[in-house]
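Please consult the sequence and the model displayed below while reading.

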Amino acid sequence: RPLPDGRLQPLEALLFGATLAALGVAWLAAFVNGLAALVTLATLVLYLFAYTPLKLRTPLCTIVGAVPGALPPVTGWVAARDEFGVGAWVLFGILFLWQLPHTLAIGRLYRDDYARAGVQLLPVVDAEGTSTERQIVTGCLALLAVSLLPTLIGLTGPVYFAGALVLGVAFALLGARQALAPSSLAARRVLFASLLYLPALLALLAFDKS
């Protein structure tokens, strides 16, 4: 990353980032619709002024950071439909819950690095790992349940439902394995599974839409 590596000065990064953010929100407002611009602005504000400072203060930063992390599909929904709907919040729920085992597995693997940087992820402050493993399993199980909703609300067909069920059960089993026998290898498996799970689930959403 150029900023911590010293290849980019803080003022340069601030000006570049602020310019892109302002132009991006303005472009959405002018050429897409006001709701898309509003959700994008909320994503920006929550990430910069809530999640980022909380990383040095509380392990709840993961929950807070999952909100802006889950808003992009909502932006896409309102850009296409110019209104909020149940489908938008189901997509939000999937992305929100997916981030919990994904982020906690990363934190479990690189706990010492986060600790040296002063980042208060749950694996850093949870010395025994009990809460971390419990939340990984809880996140996987909740994700499994929510991932089935697109079919139940009529967005997708039976192919998606079957695929989401298989993916969700497999992901939850890996999360449970990590909880029952915590190790770096098990956490790495959860991480890799999360990286495969999300694009596979979104591909099913796209190809089996009602």
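## Salt bridges

In this predicted model, a search of the whole structure identifies 3 salt bridges. One of them joins Arg7 and Asp5, with 2.8 Å between the closest N and O atoms. Both Arg7 and Asp5 are exposed.

A salt bridge also links the side chains of Glu133 and Arg108, at an N to O distance of 3.5 Å. Glu133 belongs to helix α8 (residues 130-147) and Arg108 to helix α5, so this pair ties together parts that lie 25 residues apart in sequence. Glu133 is buried, its relative accessible area being 5%. Arg108 is likewise buried, with a value of 14%.

## The pair within helix α6

Asp113 forms a salt bridge with Arg116, and their closest N and O atoms are 2.2 Å apart. The two residues are 3 residues apart in helix α6 (residues 111-117), which means that about one helical turn separates them. Asp113 is partly exposed, at 40% relative accessible area, whereas Arg116 counts as exposed, at 65%.

## The largest pocket

The largest pocket holds about 880 Å³ of space. Its lining comprises 27 residues, and those nearest the centre are Arg1, Tyr47, Tyr51, Thr52 and Lys55. Helices α1 (10-31), α2 (34-54), α3 (61-70) and α5 (86-109) each give two or more residues to this lining.

By residue class, the lining of the largest pocket contains 17 nonpolar, 8 polar and 2 charged residues.

Conventions
Residues are numbered from 1 along each chain as its sequence is written. This is a predicted model: local features need pLDDT of at least 70, side-chain atom pairs count only at pLDDT 80 or more; totals for chains, interfaces and linings use all residues. Side-chain values use heavy atoms; hydrogens and water are left out. On a 1 Å grid over the protein atoms alone, a cavity is a set of points where a 1.4 Å probe fits but cannot get out, and a pocket is an open set with protein on both sides within 12 Å along at least five of seven lines; lining residues have an atom within 4 Å of a point. Grid points are joined across faces, edges and corners, and a volume is the space filled by probe spheres set on the points. Helices (H or I, at least four residues) and strands (E, at least two) are DSSP runs, numbered from the N terminus. Ala, Val, Leu, Ile, Met, Phe, Trp, Tyr, Cys and Pro count as nonpolar, Asp, Glu, Lys and Arg as charged, and the others, Gly among them, as polar. A salt bridge is a side-chain nitrogen of Lys or Arg within 4 Å of a carboxyl oxygen of Asp or Glu. Buried means under 20% relative accessible area, exposed over 50%, partly exposed in between (1.4 Å probe, protein chains only).
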